Amino acid sequence: MEQLKKMKSPIRGSCLCGKVTYQCSKSPVWSVNCHCKSCQKLSGAPFVSAFSVPANAFDIVTGDVISFSREADSGHTVSTFHCSNCGTRLCAQSDGNKQLMNIFASTLDDASNFEPISNVYLSEAAGWIEPDKKLFNFEKMPSF
């Protein structure tokens, strides 16, 4: 997983309006393009790119966030956290794995070192998406 080593901590990001900023003190353990219908609807895009870090290494530095929770296919509750001012979706966490925080790559201050290593929920992907065959590709969310 050489790609993950390119993202060195601290990793910083923010929302569109800049009121919410965050920092990660550890490098990612996983990176992904998620093609699930929920990510599509929440983002207005065909998929979202994200990476996972240890939850205890993630901090909101400035600003206020609001959350939205929904039930995932697994039956777990997934909560997404958004800027209370502009609505940017910054991160998400599943109650099935509270040890990880999943951060949306579009919020990075410097996304030049982000590279996904996998695609998930390809069973829900837009018909015109062709996943990169060099990545780990999953029809649903894999269980690790």
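At 1% relative accessibility, C83 counts as buried in this predicted model. The sulfur of C83 has its closest cysteine sulfur in C15, at 3.7 Å, which is too far for a bond. C86 is partly exposed, with a relative accessible area of 30%. For the sulfur of C86, the closest cysteine sulfur is that of C83, 3.7 Å away, and this too is too far for a bond. A disulfide is a covalent bond between the sulfur atoms of two cysteines. The cut-off used for such a bond is 2.5 Å between the sulfur atoms. A search of the whole structure finds zero disulfides.

## The open sheet

An open sheet is formed by three strands in the order β1-β2-β5, with antiparallel pairing. Strands β1 (11–14) and β5 (58–62) stand at the edges with a single partner strand each, so one side of each is left without a neighbour in the sheet. From one strand to the next, the twist averages 25 degrees.

Within this sheet, β1 and strand β2 (residues 21–24) run antiparallel and are joined by four bridges. G13 stands opposite Y22 in β2. The segment before β1 holds P10. The peptide bond leading from S9 to P10 is cis, with omega near 0 degrees.

## Aromatic pairs

How many aromatic pairs does a search of the whole structure find? The search finds two. In the pair of Y22 and F58, the ring centres are 5.5 Å apart and the planes stand at 40 degrees, so the pair is tilted. This pair links distant parts of the chain, since Y22 belongs to strand β2 and F58 to strand β5, 36 residues apart. Y22 counts as buried at 1% relative accessibility, and F58 is buried as well, with a relative accessible area of 9%.

F51 and F114 also form a tilted aromatic pair, with 6.2 Å from centre to centre and 45 degrees between the planes. F51 lies in strand β4 (residues 48–54), while F114 lies in the loop between β9 (100–104) and β10 (118–120), so the pair ties together parts that are 63 residues apart in sequence. Both F51 and F114 are buried.

The two pairs are set out below.

| Aromatic pair | Centre to centre | Angle between planes | Arrangement |
|---|---|---|---|
| Y22 and F58 | 5.5 Å | 40 degrees | tilted |
| F51 and F114 | 6.2 Å | 45 degrees | tilted |

An aromatic ring also takes part in a contact with a charge. The charged end of R89 sits over the ring of F104, at 4.0 Å from the centre of that ring.

Strand β3 (residues 30–34) is mostly covered, with five of its five residues buried. W30, V32 and C34 point one way from β3, S31 and N33 point the other way, and all are buried.

Strand β3 pairs with β4 in the antiparallel sense over five bridges. The bridge partner of N33 in β4 is S49. The pairing of β3 with β10 has another direction: these strands run parallel and are joined by two bridges. In β10, V120 is the bridge partner of C34.

S31, found in strand β3, counts as buried at 1% relative accessibility. A polar atom of the S31 side chain lies 2.7 Å from the backbone oxygen of E115.

## A positive phi at Y121

Which residue has a positive phi although it is not a glycine? This is Y121, whose phi is about 60 degrees. Y121 is found in the loop between β10 and β11 (136–137). Its relative accessibility is 10%, so Y121 counts as buried.

Definitions and conventions: Residues are numbered from 1 along each chain as its sequence is written. This is a predicted model: local features need pLDDT of at least 70, side-chain atom pairs count only at pLDDT 80 or more; totals for chains, interfaces and linings use all residues. Side-chain values use heavy atoms; hydrogens and water are left out. Two strands pair if DSSP finds at least two bridges between them. Axes are lines fitted to C-alpha atoms, for helices over the stretch in contact, and angles run from 0 to 180 degrees between N-to-C directions. Rings of Phe, Tyr and Trp (its six-membered ring) pair if their centres lie within 6.5 Å; planes under 30 degrees apart count as stacked, over 60 as edge-to-face and the rest as tilted. Buried means under 20% relative accessible area, exposed over 50%, partly exposed in between (1.4 Å probe, protein chains only). A charge sits over a ring if NZ of Lys or CZ of Arg is within 6 Å of the ring centre and within 35 degrees of the ring normal. A polar contact is a pair of N or O atoms within 3.5 Å; within protein, one must be able to donate a hydrogen and the other to accept it, and residues adjacent in sequence count only if both atoms are side-chain atoms.
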